[in-house]
Amino acid sequence: VETSVVRPELFSALARRPLAWLCLVIATAGGAGLLVGWRRGREALSFVGSCLLLYGLLGSAAAALYPVMLPSTVPTAPSLTADSAATSAYGLTTALLWWPLAFVLAVAYFVLAFARHREKVALR
């Protein structure tokens, strides 16, 4: 309800963008998986469902709001758009070169964290 008051164009943009439709389907499937997993006691399904629900909601919002990321509330100030927020070619190139290393480190961290904390926490 609040979204329709603050950003009424969000819902009309959702209807015009197929990528937003795909993200809404993912969010719906994630929500269904979350509920089914919760009712059947399948925690892995609930976890994956909750991840898909969040991904779908964030993805549909991003697809619907593009290119204006943060609209200005001041009439004389420009809104923050994807083009105005982009960094220089040098920054993008540097990020592209560092991304594979950072990705490997992030995956290694999650594998290590999952391996060390594999069991459920038990209350004593």
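**Note on helix packing and core in a predicted model**

1. S46 is buried, at a relative accessible area of 12% (buried means under 20%, exposed over 50%, partly exposed in between, with a 1.4 Å probe and protein chains only). S46 sits in helix α4. Helices here are DSSP runs of H or I with at least four residues, numbered from the N terminus. Setting aside residues up to four places away in sequence, S46 touches G33, L34, G37 and W38 (contact means heavy atoms within 4.5 Å).

2. A word on the basis. This is a predicted model, in which local features need pLDDT of at least 70 and side-chain atom pairs count only at pLDDT 80 or more, while totals for chains, interfaces and linings use all residues. Residues are numbered from 1 along each chain as its sequence is written, and side-chain values use heavy atoms, with hydrogens and water left out.

3. Helix α3 (residues 18–40) packs on helix α4 (residues 43–65) at an angle of about 155°, with the axes 7 Å apart. Axes are lines fitted to C-alpha atoms, for helices over the stretch in contact, and angles run from 0 to 180 degrees between N-to-C directions. The two helices α3 and α4 are therefore roughly antiparallel (over 145 degrees; under 35 is roughly parallel, 65 to 115 roughly perpendicular, the rest oblique). The contact of α3 with α4 has 15 nonpolar, 10 polar and no charged residues. For these classes, Ala, Val, Leu, Ile, Met, Phe, Trp, Tyr, Cys and Pro count as nonpolar, Asp, Glu, Lys and Arg as charged, and the others, Gly among them, as polar.

4. The axes of α2 and α3 come within 5 Å and cross at roughly 95°. That makes α2 roughly perpendicular to α3. From α2, the contact uses L14, A15 and R16; from α3, P18, A20, W21 and L24. By class, six residues are nonpolar, none polar and one charged.

5. Which residues make up the largest nonpolar core? The six are L10, A13, L14, A20, A63 and A64. Such a core is a set of buried Ala, Val, Leu, Ile, Met, Phe, Trp, Tyr and Cys residues joined through side-chain atoms within 4.5 Å. Helices α2 (9–16) and α4 each give two or more residues to this core. The largest share, three residues, comes from α2. Beyond its neighbours within four places in sequence, L10 contacts T3, A61, A64 and L65.

6. A15 lies in helix α2. A15 counts as exposed, at 51% relative accessibility.
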